[in-house]
Amino acid sequence: MTENDKTPKKKIDKEPYKRPNKGLSTFIGEPANKIVKKYGKPNRIDPSAYDYEWWIYNKNEEKYFQVGVCKGKVVTIYAIGSKTNITPFQINEEIQDIYQKLLLDTDITVQYDKGTYRFELSEEDLNMRPLVQLGSIYAQLSFDKFKGTLSGVRFMDKETLIKQRPYEISYRGRLIDPAPIVESRWRAIEVGSEKQIFDLTNILRSRFELNKLLWDQKTAEVAYNHSKDMAVEKYFSHESPKFGNLEKRLQAAHVFYQLAGENIAAQYMDAPSAVEGWLNSEGHRKALLEPKFTHLGVGVYQKYYTQNFIEKTWK
C-alpha cells in the first residue's frame, strides 16, 4: 500500500449503483437488534480480527450467513446459502449474467472520514472477487471460476472495507487499522475460524450433492499443529521440516485412515476468504470436493489455515 500526495481522481462517467431496498444488504449500518428481530438470535457468536463479532446463522445451510456486529451495529455480512436474499445478486447466478447487468471496475475510490482510498483490482481480482459499490455500501463477490457462478457475497460498510484491505490500496489521509489483537484473544478467533471453515466446507459439498463431513478432533489437532508450525518456523508447505508430510503427521497422532488430503492457506483475511480461495484452486478444490472423504479436521493459527481430510477407518 502507498500513501499518495495527490488525491486519486474519481471517475465521472460512472454513477454508483443504487443500494438495494430488500435483502441482507439492507441491514448494513443498522442496529444489530434488527437482525435479531428478523432472523432470531444467532446460533453462535465468533470473534474476528477486525473489531466486529461474527454472528453465525447456520441452522439451515441453504440460508447460511454471517453478520459482523461492531458496537451494536451491523458492519458486514457474508452469505453463501443458496436461499439467502442477497439482492441484487443470487447465489449460483451465472457470472456472465452478472457481467451483463453490472459494470465491474478495476479502480474503486472510497471517500471516508476526510480520507481518500483507492482500491486497485488486478485481473485475477476482477475475475474471481470483484468489488461493487451499491450506493453507500460495497459488495465483494466471490465467483466459482470452475462452475462459472456466484459462490458467495460479502456486503460491508466503508470502514470495514478500509480495515480489511482485500485489494491493493493507495490513499490520502489516515489509514484505518483494526485494534491490535492481544495474544490471549487469538485462540478464540482461531477456534471461530475453524468452525466457520467446517460449516462452509459442508455447505459447498452439499451444493455439489456430496456427503457431509464429520468433525474429527485428532485430525483437527494435527491441522492446528501444522498451521502453527508454518507460522512459527516461517515456511509454507505441506511438508514440515520437523514433522514431515501429512502421512507422517497423522501416523504420529495415531489417526487411522484409508485416504487423506490437505489444504493449506496463509494470509487470507478470514475463514470465508480462505475457503473461497481453495474453491478456486484446482488441487485444493479436488480435496474440498473429494467424495471418499468422511471426516475433517481444521486448524487455524492466526492467518495460517489447514484442512486435513480423511476417509476414516475404525481400528
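The chain has 9 helices and 15 strands. Helices (H or I, at least four residues) and strands (E, at least two) are DSSP runs, numbered from the N terminus. The radius of gyration is 20 Å, close to the 20 Å that the globule rule gives for 315 residues, so the chain is as compact as a globular protein of that length. That radius is taken over C-alpha atoms, and the globule rule is 2.2 Å times the number of residues to the power 0.38.

This is a predicted model: local features need pLDDT of at least 70, side-chain atom pairs count only at pLDDT 80 or more, and totals for chains, interfaces and linings use all residues. Residues are numbered from 1 along each chain as its sequence is written, and side-chain values use heavy atoms, with hydrogens and water left out.

**The whole chain**

- Along the principal axes, the C-alpha atoms fill a box of roughly 65 × 40 × 35 Å.
- Of the 315 residues, 53% count as buried. Buried means under 20% relative accessible area, exposed over 50%, and partly exposed in between (1.4 Å probe, protein chains only).
- The accessible surface comes to about 15,500 Å², and 49% of that belongs to carbon and sulfur atoms. Accessible areas come from the Shrake-Rupley method with a 1.4 Å probe; for residues, only the protein chains shown count as cover.
- Take the contacts between residues at least 6 apart in sequence: 63% of them join residues at least 24 apart. Contact means heavy atoms within 4.5 Å.

**Two annotated regions**

- UniProt places "domain: CAP-associated" (unreviewed entry) at residues 28-167. Over residues 28-167 the chain is 20% helix and 39% strand, and the end C-alpha atoms are 21 Å apart.
- UniProt lists "domain: SCP" (unreviewed entry) at residues 198-308. Over residues 198-308 the chain is 45% helix and 22% strand, with end C-alpha atoms 11 Å apart.
- UniProt positions are given in the numbering used here, feature names are shortened, and annotations may be inferred rather than shown by experiment.

- At 1.5 Å a residue, the 25 residues of α5 should span 36 Å; the end C-alpha atoms of α5 are 37 Å apart, which agrees. The expected span is 1.5 Å times one less than the number of residues.
- After α5 comes E209, whose phi is positive, near 60 degrees.
- Helix α6 (residues 217-233) has 17 residues and should span 24 Å at 1.5 Å a residue; its end C-alpha atoms are 24 Å apart, which agrees.
- The buried residues of α6 include A220, A223, Y224 and S227. An α-helix has 3.6 residues a turn, so residues three or four places apart point the same way.
- The cover over the buried residues of α6 includes α5 (183-207), α7 (246-252) and β13 (257-266).
- K234 follows α6 and has a positive phi, near 60 degrees.

- R44 lies in strand β2 (residues 44-47). R44 is buried, with a relative accessible area of 16%. Among the residues that R44 touches are W54, W55, K195 and D199.
- V75 sits in strand β5. V75 is buried, with a relative accessible area of 6%. The residues that V75 touches include I28, Y52, C70 and F155. V75 and E30 are 45 residues apart along the chain, yet their C-alpha atoms are separated by 8.2 Å.
- M269 is in the loop between β13 and α8 (271-279). M269 counts as buried, at 13% relative accessibility. M269 touches residues including Y50, R154 and K303. Its C-alpha atom is separated by 9.9 Å from that of Y304, 35 residues apart along the chain.

**Backbone exceptions**

- Most residues other than glycine have a negative phi, and most peptide bonds are trans.
- K71 is not a glycine, but has a positive phi of about 55 degrees. K71 lies in the loop between β4 (65-70) and β5. K71 is exposed, with a relative accessible area of 85%.
- Q267 also has a positive phi, near 70 degrees. Q267 is in the loop between β13 and α8. Q267 is exposed, with a relative accessible area of 55%.
- A cis peptide bond joins T87 and P88, with omega about 15 degrees. T87 is in the loop between β5 (73-79) and α2 (95-101).
- The side chains of T87 and N85 are joined by a polar contact of 2.5 Å. A polar contact is a pair of N or O atoms within 3.5 Å; within protein, one must be able to donate a hydrogen and the other to accept it, and residues adjacent in sequence count only if both atoms are side-chain atoms.
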